Amino acid sequence: MRILWIGFGQAGGKVVNTLMSLNRKFYEAVAINTEEADLADLNHIPKKVLIGRYKHKGRGVGGDIEVAADIAQKAVSQMMDVIDVQNRRFDPEAFWIAGGLGGGTGAGGSCVLAKELKETYNKPVYALGLLPSTTDMPPEKEALHLSNALRSFEWWRRYFDNIMLVDNQQYEQRMDVRESLEQMYDRINRNVAKRLTTLLSAGEIRPAPQEVFNSSEIIATLGSDGDVSAIGFKAERVRIKAEFWKGGIDPDSNELERIIQTSTETSSLTFPCDITGSKNAALITHGRPEYLFTQAIIRGRAYLEDRAQVSKVRYGDFPDKGSKTLSATTLFSCINDFSRLDQMRQRVAQLA
Ligand code: GDP
């Protein structure tokens, strides 16, 4: 599926930069920021737009989502001029804006741009929203990030067709694994970019697989009107003779079924929620063609239909002869369990 990615703010720019590093054929990208320095490192994004240059001198908005929305409103034609050129040249099937919901520029500016895109083009406009992890944050900063995330999420729901949520907290590791915040963000960005690219490119491989998950099925799964989605993922390394010392599984039908099931567990999702009651679901299995066992996939789909209580799980194969893993990527949309946001709300009240 051809996507024009728009990285809004620092986090959005970084995640789109990672997406672009994975696939230049089906992705195009634009980065937008109020902070000049954050645009500089985005080496895979061809077009960059600095907004609010005169008022804020390229130094950001300091986490103020109202100021960000105001700047974005004033810069609508500056942003749309760049996007319009990319749209004509590349003809994307959807726009997808990525931003940190807990920050300022991306959180406040994205929905202003989404509104304009919806009014201008007859194409879906999706969001990739990054929720903050606040471990070790000073209380004032934690309160700001959490309340920004809760408020901007409500704004976004009015303008986007779908908001895919990624909760950074899902990726926090045990205390004994030493990792800087930047390293954690890089790991999250790579993980999310890989999950999304598997979903979006499964239908594009040639020769076409037996079961194709194409663009119209992606659009149908994501839904519209501010629906919320999350991606589940589970991969296992397979044993390869030439690399026997690295270990791995010798896949059989039961292994693949287990991988599909595990991809739906709360800890495997980009956003922690109960998937029961999500209206739409899709599954992609990726790996060497001989490991994509039909019976396991039939049972896996039935399991998903039962777990999520959806009538039909859309499906696509992603055969990949050279793959060293066997994986299941699941997409759940129109999810309706927002207890994680309630937790965030309670924490904001505690901190007040
Ligand atoms: P903005 O530039 O004003 O839009 O603010 P940021 O994009 O820096 O947003 C800050 C929020 O995004 C924080 O809550 C962080 O948790 C998160 N964040 C910052 N950088 C990254 C990143 O590279 N990846 C991810 N996943 N989250 C990030």
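In strand β10, S327 is the residue that stands opposite A235. The model I am presenting is a predicted one.

I turn now to one residue of strand β6, namely D167. Is D167 buried or exposed? Its relative accessibility is 1%, and because buried means under 20%, D167 counts as buried.

What surrounds D167? Apart from neighbours within four places in sequence, D167 is in contact with L131, P132, T270, F271, P272 and R340. With R340 there is a polar contact between the two side chains, at 2.5 Å. I would also note G129, which is 38 residues away from D167 along the chain, with 8.3 Å between the C-alpha atoms of the two residues.

Finally, the helices. Two packed helices are described by the angle between their axes and the distance between the axes. For helix α4, residues 65–74, and helix α7, residues 139–159, the angle is about 35 degrees and the axes are 11 Å apart. Which residues meet in this packing? From α4 they are I65, E66 and A69, and from α7 they are N148, R151, S152 and W155.

Note on methods: Residues numbered from 1 in each chain as written. Predicted model: local features only at pLDDT ≥ 70, side-chain atom pairs only at ≥ 80, totals over all residues. Heavy atoms only, no water. Pairing = 2+ DSSP bridges. Helix = DSSP H or I, 4+ residues; strand = E, 2+ residues; numbered from the N terminus. Buried < 20%, exposed > 50% of the residue type's maximum accessible area, 1.4 Å probe, protein only. Contact = heavy atoms within 4.5 Å. Polar contact = N/O pair within 3.5 Å; in protein donor to acceptor, adjacent residues only side chain to side chain. Axes fitted to C-alpha atoms, helices over the stretch in contact; angles between N-to-C directions.
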